[in-house]
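Look over the sequence and the structure before reading on.

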Amino acid sequence: MRLLRVLLLWLSPAVFPLATATPSAPPNEHVVLLHGLCRTTRSMEKMEQALRDVGYIVHNSSYPTREKTIDRLAEEHLAPLLEREELKRAKKVHFVTHSLGGIVLRQHLKDHTPPNLGRIVMLGPPNGGSDLVDKIGHWRLFCAINGPAGSQLGTEGLPPELGPLGHDHAVIAGRASINWINSCMIPGPDDGKVAVSKTGLPDTTHHLTLFVTHPYLMKNRRVIRNVKHYLHSGDFVQ
(Lines give C-alpha, C1' and ligand atoms only; values in the text may rest on other atoms or scores of the structure.)
Protein backbone atom coordinates (compact mmCIF):
# COMPACT_ATOMS: atom_id res chain seq x y z
CA MET A 1 0.00 0.00 0.00
CA ARG A 2 2.83 2.39 0.85
CA LEU A 3 4.48 1.61 -2.51
CA LEU A 4 1.20 2.40 -4.29
CA ARG A 5 0.93 5.78 -2.53
CA VAL A 6 4.50 6.63 -3.52
CA LEU A 7 3.77 5.69 -7.14
CA LEU A 8 0.61 7.84 -7.23
CA LEU A 9 2.52 10.79 -5.78
CA TRP A 10 5.23 10.39 -8.43
CA LEU A 11 2.58 10.45 -11.16
CA SER A 12 0.82 13.54 -9.76
CA PRO A 13 0.81 16.72 -11.91
CA ALA A 14 3.22 18.50 -9.59
CA VAL A 15 5.87 15.86 -10.15
CA PHE A 16 4.88 14.66 -13.61
CA PRO A 17 3.89 17.82 -15.57
CA LEU A 18 2.92 15.96 -18.75
CA ALA A 19 -0.17 14.80 -16.88
CA THR A 20 -1.51 18.34 -16.42
CA ALA A 21 -4.85 19.05 -18.07
CA THR A 22 -5.29 21.65 -20.80
CA PRO A 23 -7.95 24.30 -20.05
CA SER A 24 -11.06 24.21 -22.19
CA ALA A 25 -11.37 26.68 -25.05
CA PRO A 26 -13.58 29.75 -24.54
CA PRO A 27 -16.91 29.68 -26.43
CA ASN A 28 -16.96 30.49 -30.16
CA GLU A 29 -13.21 30.45 -30.66
CA HIS A 30 -12.09 28.94 -33.97
CA VAL A 31 -8.74 27.57 -35.15
CA VAL A 32 -7.67 27.49 -38.80
CA LEU A 33 -5.04 24.84 -39.62
CA LEU A 34 -2.70 25.33 -42.57
CA HIS A 35 -0.66 22.29 -43.60
CA GLY A 36 2.77 22.36 -45.18
CA LEU A 37 4.21 21.86 -48.64
CA CYS A 38 3.19 18.64 -50.43
CA ARG A 39 0.86 17.81 -47.54
CA THR A 40 -2.90 17.45 -47.13
CA THR A 41 -5.39 17.83 -44.30
CA ARG A 42 -4.47 14.30 -43.15
CA SER A 43 -1.15 15.58 -41.83
CA MET A 44 -3.02 17.89 -39.42
CA GLU A 45 -5.70 15.43 -38.28
CA LYS A 46 -4.06 14.64 -34.94
CA MET A 47 -3.73 18.36 -34.17
CA GLU A 48 -7.30 18.90 -35.33
CA GLN A 49 -8.70 16.26 -32.99
CA ALA A 50 -6.65 17.49 -30.03
CA LEU A 51 -7.99 21.02 -30.47
CA ARG A 52 -11.56 19.80 -30.94
CA ASP A 53 -11.24 17.79 -27.73
CA VAL A 54 -10.70 20.96 -25.70
CA GLY A 55 -13.56 22.83 -27.36
CA TYR A 56 -12.15 24.75 -30.33
CA ILE A 57 -14.08 24.85 -33.62
CA VAL A 58 -11.43 23.69 -36.07
CA HIS A 59 -11.12 24.32 -39.81
CA ASN A 60 -8.71 21.89 -41.47
CA SER A 61 -8.84 22.74 -45.17
CA SER A 62 -6.56 21.50 -47.93
CA TYR A 63 -5.00 23.75 -50.55
CA PRO A 64 -2.87 22.96 -53.64
CA THR A 65 0.61 23.74 -52.31
CA ARG A 66 2.41 22.37 -55.40
CA GLU A 67 0.39 24.21 -58.04
CA LYS A 68 0.63 27.93 -57.27
CA THR A 69 2.86 30.66 -55.91
CA ILE A 70 2.53 31.72 -52.29
CA ASP A 71 0.68 34.94 -53.08
CA ARG A 72 -1.86 33.04 -55.18
CA LEU A 73 -2.32 30.42 -52.46
CA ALA A 74 -3.05 33.21 -49.98
CA GLU A 75 -5.36 35.10 -52.32
CA GLU A 76 -7.23 32.22 -53.92
CA HIS A 77 -7.50 29.78 -51.01
CA LEU A 78 -6.87 31.33 -47.59
CA ALA A 79 -8.73 34.60 -48.21
CA PRO A 80 -11.98 32.89 -49.35
CA LEU A 81 -11.80 30.54 -46.38
CA LEU A 82 -11.66 33.47 -43.97
CA GLU A 83 -14.69 35.03 -45.67
CA ARG A 84 -16.91 32.25 -44.38
CA GLU A 85 -19.71 33.67 -42.24
CA GLU A 86 -18.96 31.41 -39.27
CA LEU A 87 -15.37 32.67 -39.15
CA LYS A 88 -16.41 36.30 -39.52
CA ARG A 89 -18.80 35.83 -36.58
CA ALA A 90 -16.26 34.01 -34.41
CA LYS A 91 -15.11 35.61 -31.18
CA LYS A 92 -11.51 34.76 -32.07
CA VAL A 93 -9.87 33.09 -35.05
CA HIS A 94 -6.55 31.47 -34.16
CA PHE A 95 -4.11 29.85 -36.58
CA VAL A 96 -1.83 26.83 -36.31
CA THR A 97 0.45 26.40 -39.31
CA HIS A 98 3.08 23.93 -40.41
CA SER A 99 6.06 24.95 -42.55
CA LEU A 100 4.81 26.60 -45.77
CA GLY A 101 1.44 27.24 -44.12
CA GLY A 102 3.06 29.88 -41.93
CA ILE A 103 4.40 31.74 -44.96
CA VAL A 104 1.02 31.64 -46.70
CA LEU A 105 -0.53 33.12 -43.56
CA ARG A 106 2.14 35.84 -43.36
CA GLN A 107 1.48 36.70 -47.00
CA HIS A 108 -2.23 37.11 -46.26
CA LEU A 109 -1.76 39.11 -43.05
CA LYS A 110 0.59 41.51 -44.78
CA ASP A 111 -2.43 43.25 -46.32
CA HIS A 112 -5.39 41.84 -44.38
CA THR A 113 -5.90 41.73 -40.61
CA PRO A 114 -9.16 40.13 -39.48
CA PRO A 115 -10.75 42.14 -36.63
CA ASN A 116 -11.15 38.94 -34.61
CA LEU A 117 -7.61 37.66 -35.20
CA GLY A 118 -6.48 35.54 -32.28
CA ARG A 119 -3.16 33.86 -31.56
CA ILE A 120 -0.87 32.21 -34.09
CA VAL A 121 1.42 29.21 -33.64
CA MET A 122 3.82 28.37 -36.46
CA LEU A 123 5.47 24.94 -36.50
CA GLY A 124 8.83 24.73 -38.29
CA PRO A 125 8.22 27.82 -40.43
CA PRO A 126 10.98 28.90 -42.84
CA ASN A 127 10.45 32.51 -41.79
CA GLY A 128 14.00 33.38 -42.75
CA GLY A 129 13.95 31.01 -45.69
CA SER A 130 15.48 27.56 -46.01
CA ASP A 131 19.18 27.03 -46.70
CA LEU A 132 18.18 23.73 -48.30
CA VAL A 133 16.21 25.59 -50.98
CA ASP A 134 19.27 27.79 -51.58
CA LYS A 135 21.28 24.67 -52.37
CA ILE A 136 18.85 22.54 -54.39
CA GLY A 137 15.85 24.77 -55.16
CA HIS A 138 17.00 25.18 -58.78
CA TRP A 139 17.14 21.42 -59.42
CA ARG A 140 14.57 20.22 -61.94
CA LEU A 141 13.46 17.39 -59.67
CA PHE A 142 12.99 19.76 -56.73
CA CYS A 143 10.85 22.08 -58.86
CA ALA A 144 8.80 19.18 -60.19
CA ILE A 145 8.05 17.90 -56.68
CA ASN A 146 7.60 21.16 -54.78
CA GLY A 147 6.18 23.49 -57.41
CA PRO A 148 6.47 27.28 -57.58
CA ALA A 149 5.80 27.86 -53.88
CA GLY A 150 8.65 25.56 -52.89
CA SER A 151 11.05 27.48 -55.10
CA GLN A 152 10.14 30.72 -53.26
CA LEU A 153 11.35 29.49 -49.88
CA GLY A 154 15.07 30.29 -50.11
CA THR A 155 16.84 32.61 -47.66
CA GLU A 156 16.75 35.33 -50.33
CA GLY A 157 13.25 34.44 -51.46
CA LEU A 158 9.82 35.61 -50.34
CA PRO A 159 9.79 34.79 -46.58
CA PRO A 160 12.40 37.36 -45.48
CA GLU A 161 10.72 40.02 -47.61
CA LEU A 162 7.42 39.73 -45.72
CA GLY A 163 8.88 41.41 -42.63
CA PRO A 164 7.66 41.19 -39.02
CA LEU A 165 4.27 39.63 -38.37
CA GLY A 166 3.12 42.46 -36.13
CA HIS A 167 0.76 40.26 -34.12
CA ASP A 168 0.75 37.90 -31.15
CA HIS A 169 2.44 34.70 -32.33
CA ALA A 170 4.69 31.85 -31.29
CA VAL A 171 7.12 29.54 -33.09
CA ILE A 172 7.92 25.92 -32.31
CA ALA A 173 11.06 24.69 -34.06
CA GLY A 174 12.45 21.18 -34.37
CA ARG A 175 16.06 20.23 -33.77
CA ALA A 176 15.99 16.54 -34.76
CA SER A 177 16.60 15.28 -38.28
CA ILE A 178 16.00 11.98 -40.05
CA ASN A 179 17.71 13.22 -43.21
CA TRP A 180 21.42 13.71 -42.60
CA ILE A 181 22.02 14.63 -46.25
CA ASN A 182 19.68 17.61 -45.94
CA SER A 183 21.13 18.53 -42.57
CA CYS A 184 24.63 18.67 -44.03
CA MET A 185 23.42 21.55 -46.20
CA ILE A 186 21.83 23.45 -43.29
CA PRO A 187 24.05 25.36 -40.83
CA GLY A 188 23.47 24.81 -37.13
CA PRO A 189 20.68 22.82 -35.46
CA ASP A 190 17.84 21.94 -37.82
CA ASP A 191 14.83 19.69 -38.31
CA GLY A 192 15.96 18.28 -41.65
CA LYS A 193 14.31 21.07 -43.63
CA VAL A 194 14.80 24.37 -41.80
CA ALA A 195 17.52 25.73 -39.53
CA VAL A 196 16.29 26.59 -36.03
CA SER A 197 17.86 30.03 -36.49
CA LYS A 198 15.64 30.67 -39.53
CA THR A 199 12.31 29.87 -37.88
CA GLY A 200 11.80 33.02 -35.82
CA LEU A 201 10.89 36.58 -36.79
CA PRO A 202 12.21 39.88 -35.42
CA ASP A 203 9.02 40.26 -33.36
CA THR A 204 8.72 36.63 -32.21
CA THR A 205 8.36 36.75 -28.42
CA HIS A 206 7.66 33.06 -27.78
CA HIS A 207 10.06 30.58 -29.36
CA LEU A 208 10.37 26.94 -28.33
CA THR A 209 12.80 24.36 -29.70
CA LEU A 210 12.00 20.67 -29.23
CA PHE A 211 13.69 17.43 -30.27
CA VAL A 212 11.29 16.74 -33.15
CA THR A 213 11.77 16.31 -36.90
CA HIS A 214 10.11 18.59 -39.45
CA PRO A 215 7.57 16.05 -40.81
CA TYR A 216 6.28 15.17 -37.32
CA LEU A 217 6.06 18.57 -35.63
CA MET A 218 2.27 18.74 -36.00
CA LYS A 219 1.84 15.19 -34.66
CA ASN A 220 4.17 15.28 -31.65
CA ARG A 221 2.37 15.10 -28.28
CA ARG A 222 4.62 17.67 -26.65
CA VAL A 223 4.16 20.08 -29.53
CA ILE A 224 0.38 19.65 -29.42
CA ARG A 225 0.32 20.23 -25.66
CA ASN A 226 2.23 23.50 -26.07
CA VAL A 227 0.03 24.60 -28.98
CA LYS A 228 -3.11 24.12 -26.90
CA HIS A 229 -1.63 25.96 -23.94
CA TYR A 230 -0.41 28.87 -26.06
CA LEU A 231 -3.75 29.34 -27.79
CA HIS A 232 -5.47 29.46 -24.42
CA SER A 233 -2.97 31.32 -22.25
CA GLY A 234 -0.38 32.98 -24.51
CA ASP A 235 2.61 31.02 -23.23
CA PHE A 236 4.23 27.59 -23.34
CA VAL A 237 4.32 24.81 -20.75
CA GLN A 238 7.25 22.93 -22.39
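## Two loop residues

Cys38 counts as partly exposed because its relative accessibility is 36%; buried means under 20% relative accessible area, exposed over 50% and partly exposed in between, with a 1.4 Å probe and protein chains only. Cys38 lies in the loop between S1 and H2 and, although not a glycine, has a positive phi of about 65 degrees. Most residues other than glycine have a negative phi.

Asn28, also not a glycine, has a positive phi of about 60 degrees. Asn28 sits in the loop between helix H1 (2–10) and S1, and at 35% relative accessibility it counts as partly exposed.

## Basis of the model

The model is predicted, with local features needing pLDDT of at least 70 and side-chain atom pairs counting only at pLDDT 80 or more, while totals for chains, interfaces and linings use all residues. Residues are numbered from 1 along each chain as its sequence is written, and side-chain values use heavy atoms, leaving out hydrogens and water. Helices (H or I, at least four residues) and strands (E, at least two) are DSSP runs, numbered from the N terminus.

Buried residues of H10 include Val223, Asn226 and Tyr230. Among the elements covering the buried residues of H10 are strand S1 (29–34), H2 and strand S3 (92–98), where contact means heavy atoms within 4.5 Å.

The contact between H2 and H10 has six nonpolar, no polar and three charged residues. Nonpolar covers Ala, Val, Leu, Ile, Met, Phe, Trp, Tyr, Cys and Pro; charged covers Asp, Glu, Lys and Arg; the others, Gly among them, are polar.
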